[in-house]
Amino acid sequence: MVSAGEFRKGMTIDIDGQVFTVVDFQHVKPGKGAAFVRTRLKNVITGAVVERTFNPTEKVDEAVIERKDMQYLYNDGNLYYFMDTETYEQIPLNYDKVEDAMKFLKENMIATIKFYKGEAFSVEPPTFVELKVVETEPGFKGDTATGGSKPAKVETGAVIQVPLFVNQGDIIKIDTRTSEYLERV
């Protein structure tokens, strides 16, 4: 059990049998009346975001989220298959659970799968990935590293902003948390 006064961003809690991640929280101490904690919670299964206030002494169950590194194998229609590299067990996941991660995952890459009570609900790609640029406008003579940026499509289908000097065929490093270009490899 954890009290609402101890909430932190990223903490997972169980409220009435539903699991939420604390997206944001704020301790409020009004001039009159009792203090309270205003929170924004994201349901980890449905993705719905709700706002709720708690008494700082109110207790809720902390949800235990299991994380496991698994290798992305292939997709078959709407199912994406991941393999546990220790037991070689394969699990299929629907597109809605892997949607955000697939922008940066290639076959055979390792991803982190989150489980709650044995049920997979989310996939996280590695923090940094190196992907090949398959489509972008050509750079022009005189373009500098500090100039503007242009869109580039990488081999997984994601479109990110890159500096003007990046060309088709280049391999670039991307931060998957922000979808930002880091460097040319």
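# Notebook: exposed loops, a domain interface and salt bridges

I began with Tyr88, which counts as exposed because its relative accessibility is 60%; here buried means under 20% relative accessible area, exposed over 50%, and partly exposed in between, with a 1.4 Å probe and protein chains only. I keep in mind that this is a predicted model, in which local features need pLDDT of at least 70 and side-chain atom pairs count only at pLDDT 80 or more, while totals for chains, interfaces and linings use all residues. Residues are numbered from 1 along each chain as its sequence is written, and side-chain values use heavy atoms, with hydrogens and water left out.

**Entry 1: two loop residues.** I placed Tyr88 in the loop between strand S8 (79-84) and strand S9 (90-94), where strands (E, at least two residues) and helices (H or I, at least four) are DSSP runs numbered from the N terminus. Its phi is near 65°, a positive value in a residue other than glycine. I noted this because most residues other than glycine have a negative phi. Asp16 sits in the loop between strand S2 (12-15) and strand S3 (18-28), and I recorded it as exposed because its relative accessibility is 73%.

Entry 2: I found the protein chain divided into domain 1 (2-62), domain 2 (65-124) and domain 3 (129-184), with bounds that come from an automatic or database domain assignment. The C-alpha centres of domain 2 and domain 3 are 26 Å apart, and six residues of domain 2 are in contact (heavy atoms within 4.5 Å) with nine residues of domain 3. Between these two domains I read a buried area of about 600 Å², of which carbon and sulfur atoms give 69%. On the domain 2 side, Lys103, Phe104 and Lys106 lose the most area to domain 3, together 83% of what that side buries; buried area is the accessible area (1.4 Å probe) that two parts lose on being put together, summed over both.

How many salt bridges does the rule find across the interface of domain 2 and domain 3? The rule finds one, a salt bridge being a side-chain nitrogen of Lys or Arg within 4 Å of a carboxyl oxygen of Asp or Glu. Lys106 forms a salt bridge with Glu155, with the closest N and O atoms 3.6 Å apart. Lys106 counts as partly exposed because its relative accessibility is 30%, and Glu155 is partly exposed at 38%.

**Entry 3: other salt bridges.** By this rule I counted ten salt bridges. Side chains of opposite charge can pair when their charged atoms come close. Arg52 is partly exposed at 33% relative accessibility, and Glu58 is partly exposed at 29%. I also looked up Glu124, which forms a salt bridge with Lys114, the closest N and O atoms being 3.0 Å apart. This pair links distant parts of the chain, with Glu124 in strand S11 (residues 119-124) and Lys114 in strand S10, ten residues apart. Lys114 counts as buried because its relative accessibility is 16%, whereas Glu124 is partly exposed at 29%. Arg67, Lys114 and Glu124 are linked in a network of salt bridges.

**Entry 4: three buried strand residues.** Thr112, in strand S10 (residues 110-116), is buried because its relative accessible area is 17%. Its side chain makes a polar contact with the side chain of Asp69 at 3.0 Å; a polar contact is a pair of N or O atoms within 3.5 Å, where within protein one must be able to donate a hydrogen and the other to accept it, and residues adjacent in sequence count only if both atoms are side-chain atoms. Leaving aside neighbours within four places in sequence, Thr112 is in contact with residues including Arg67, Asp69 and Glu124.

I next opened Val162 in strand S14 (residues 159-163), which is buried with a relative accessible area of 1%. Not counting residues up to four places away in sequence, Val162 touches Gly148, Ser149, Lys150, Ala152, Ile172 and Tyr181. Of these, I followed Lys150, which lies in strand S13 (residues 149-154) and is buried at 6%. The side chain of Lys150 reaches the backbone oxygen of Glu137 at 2.6 Å.
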